[in-house]
Amino acid sequence: MSRKNPKVGFVSLGCPKALVDSERILTQLRAEGYTVAPDYDSADVVVVNTCGFIDSAIDESLDAIGEAIEQNGKVIVTGCLGANPQRILDRHPRVLKVTGPHAYDDVLTAVHQHLPPKHDPFVDLVPPQGIRLTPRHYAYLKISEGCNNKCSFCVIPNLRGKLASRRVDDVLREAERLVKAGVRELLVISQDTSAYGSDLGYAKANWGGLEIETRFIELARGLGSLGIWVRMHYVYPYPHVDEVMSLMAEGRVLPYLDIPFQHGSPSVLKRMKRPAHAENTLDRIRAWRRACPELTLRSTFIVGFPGETEAEFEELLDWLEAAELDRVGAFKYSPVEGARANDVAPHVAAEIQEERLARFMEMAQRISAARLAARVGRTEQVLVDAVEGNVATARSRGDAPEIDGIVRVNRGGKLAVGEFATVKIRAADNYDLEALPV
C-alpha cells in the first residue's frame, strides 16, 4: 500500500439527522487514518449516505449512486434507502455493499474490507468535537434515533426503528465539546423531540454536579445554560412543550419551534394518524405567544393527502390564516412505498394537488410578508454566516440555516463570520430582511 493515507469520498443526502450520521462515520474514519477526498477522482472508495423518505428523494439517491459508480467505480451505500437493498441493487448491481440507516459499524467494516486502513501511529488526532459537515459556528445535535409514531404517510419507523433516546448527560457532554470548539448555535434534531427520553423512562443522570432527568424540558434547561443559541426542531405540540416557553421568554433557548403540523383539518389529521391530532393546536399557539411574544413558528404541510376534499383543504387554509405561522413549507402528497396512506382513500388528482399547493403557498407568503414587515425598525441580534464584499449574510433568532430566510446586512463587510452582531432592520420582503449594523 502507498504511504499516503487512504482516501474516502463521501456524499451525504437527506435530512440533518442523516448529516449527523455522516459526521459520525467520517469522525471514526478520520480517527483510523483515512482522509476525506474532495472529489471522485482522488477517492479510493466512495460512501453514499442516502435518503429514502419520498419518491423524489429516492430518485435523487439512486442518481447519486449512479454518478459515484460512473465517476469512481467503488461505491458503498448506506442510509435510509439502504433499508431496501434490493431496490438499490436492481438499479446498481455494481455497488460493493449496502447497509441501512445509522449502521455505523457495518459501513466501517465495508470500508475496511475494500480499503484497509493504513496502520500508522502518527496520524493526525481527531478534534474532540469530531468531524463536522456544517460550518464551524453551528452544528446539529441529534438526541435520539427512530420514532414510535405510526403516521400513515411515513415509513421512517420502518427505516430507522423505534425511538431510541440518548441519555441526557451524554447529549449535554457532546454539546459542551461543540461549544468549546467554537459552535455558536446548536440545532436540536430527532424524529420526535417532544418524546425524548420516554423510551428510557426519563432516566436520571448526573451532569455538572446536578441530577437531571432524560426528558425534553431538562435537556432544554441544560443546553440553555451554555450561553449559545439553542434551536428546537421536530417538536410535536404535546402539552408538556408548554414548559419550555419560560426558557424562551428568558432568552435561554431561542424563541423558535419547528413543529410538523402537516394539516389543519381534524378529519385529515385523523386519517394521517398524527400524534396529538385531537389537540386544539390553535389555542396552544395562542397560549405560547402570550407567554413568549417573540416566538417564531415554522412548520411543514402536506397538500392533497388521499381523500382530501375541497372542504378539508379550506379548513387547512382557515387554520393557517388563524395560526399566522412565520415560516411554512409544503409539498404535494407523494405515494411512498410501504406507507399505509396509499390505501386509506382515493388519491387526489395531480392537477388539483398543484392548484391547492399554489393557493396554500400564496396565503403562506402573504402571512410571512406581514409578519416580517412588522419587524422593520427593530434592533435585533443576528449570527453571521457569510461576508461578501460589503454585504453580510446573517440569520436572526427566527431563522434556521438552509430552511428559513436570511438577513442581508448592508455595510456589513467588517462583520466576522460565525460571530453575533447587532443590526437594525430596515426593510423586508416575502421571506427575507435587510438591515444595517448598529
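**Cysteines, helix packing and loop residues**

Student: How many disulfides does a search of the whole structure find?
Tutor: This is a predicted model, in which local features need pLDDT of at least 70 and side-chain atom pairs count only at pLDDT 80 or more, while totals for chains, interfaces and linings use all residues. Residues are numbered from 1 along each chain as its sequence is written, and side-chain values use heavy atoms, with hydrogens and water left out. With a disulfide taken as a pair of cysteine sulfur atoms within 2.5 Å, the search of the whole structure gives 0.

Student: Which cysteine has the sulfur nearest to that of Cys-15?
Tutor: Cys-15 is in no disulfide. The nearest cysteine sulfur is 6.3 Å away and belongs to Cys-51.

Student: How far is the sulfur of Cys-154 from the closest cysteine sulfur?
Tutor: The closest cysteine sulfur is in Cys-151. The separation is too far for a bond, because it is 6.0 Å.

Student: At what angle do helix α1 and helix α4 pack?
Tutor: Helices (H or I, at least four residues) and strands (E, at least two) are DSSP runs numbered from the N terminus. Axes are lines fitted to C-alpha atoms, for helices over the stretch in contact, and angles run from 0 to 180 degrees between N-to-C directions. For α1 (residues 16–31) and α4 (residues 104–114), the axes are 10 Å apart and the angle is about 45°.

Student: How are α1 and α4 oriented to each other?
Tutor: Angles under 35 degrees count as roughly parallel, over 145 as roughly antiparallel, 65 to 115 as roughly perpendicular and the rest as oblique. The pair packs at about 45°, so α1 and α4 are oblique.

Student: Which residues of α4 meet those of α1?
Tutor: Contact means heavy atoms within 4.5 Å. From α1, Asp-21, Arg-24, Ile-25, Gln-28 and Leu-29 take part. On the α4 side they meet Tyr-104, Val-107, Leu-108 and Val-111.

Student: How many charged residues does the contact of α11 with α12 have?
Tutor: The axes of α11 (residues 310–323) and α12 (residues 350–373) come within 10 Å and cross at roughly 10°, which means that α11 is roughly parallel to α12. Among the residues making the contact are Glu-310 and Glu-314 of α11 and Arg-356 and Arg-359 of α12. Ala, Val, Leu, Ile, Met, Phe, Trp, Tyr, Cys and Pro count as nonpolar, Asp, Glu, Lys and Arg as charged, and the others, Gly among them, as polar. By class there are 8 nonpolar residues, no polar ones, and a charged count of 6.

Student: Is Ser-152 buried or exposed?
Tutor: Ser-152 has its place in the loop between β7 (144–145) and α5 (156–160). Not counting residues up to four places away in sequence, Ser-152 touches several residues, including Arg-271, Phe-305 and Ala-339. Relative accessible area under 20% means buried, over 50% exposed, and in between partly exposed (1.4 Å probe, protein chains only). At 1%, Ser-152 is buried.

Student: What is the relative accessible area of Lys-273?
Tutor: Lys-273 is among the residues that Ser-152 touches, and lies in the loop between α9 (266–272) and α10 (281–291). Phi of Lys-273 is positive, near 60°. Most residues other than glycine have a negative phi. Lys-273 is partly exposed, with a value of 45%.

Student: What is phi of Glu-402 near?
Tutor: Glu-402 lies in the loop between β17 (391–396) and β18 (407–410). Glu-402 counts as exposed because its relative accessible area is 72%. Phi is positive in this residue other than glycine, near 75°.
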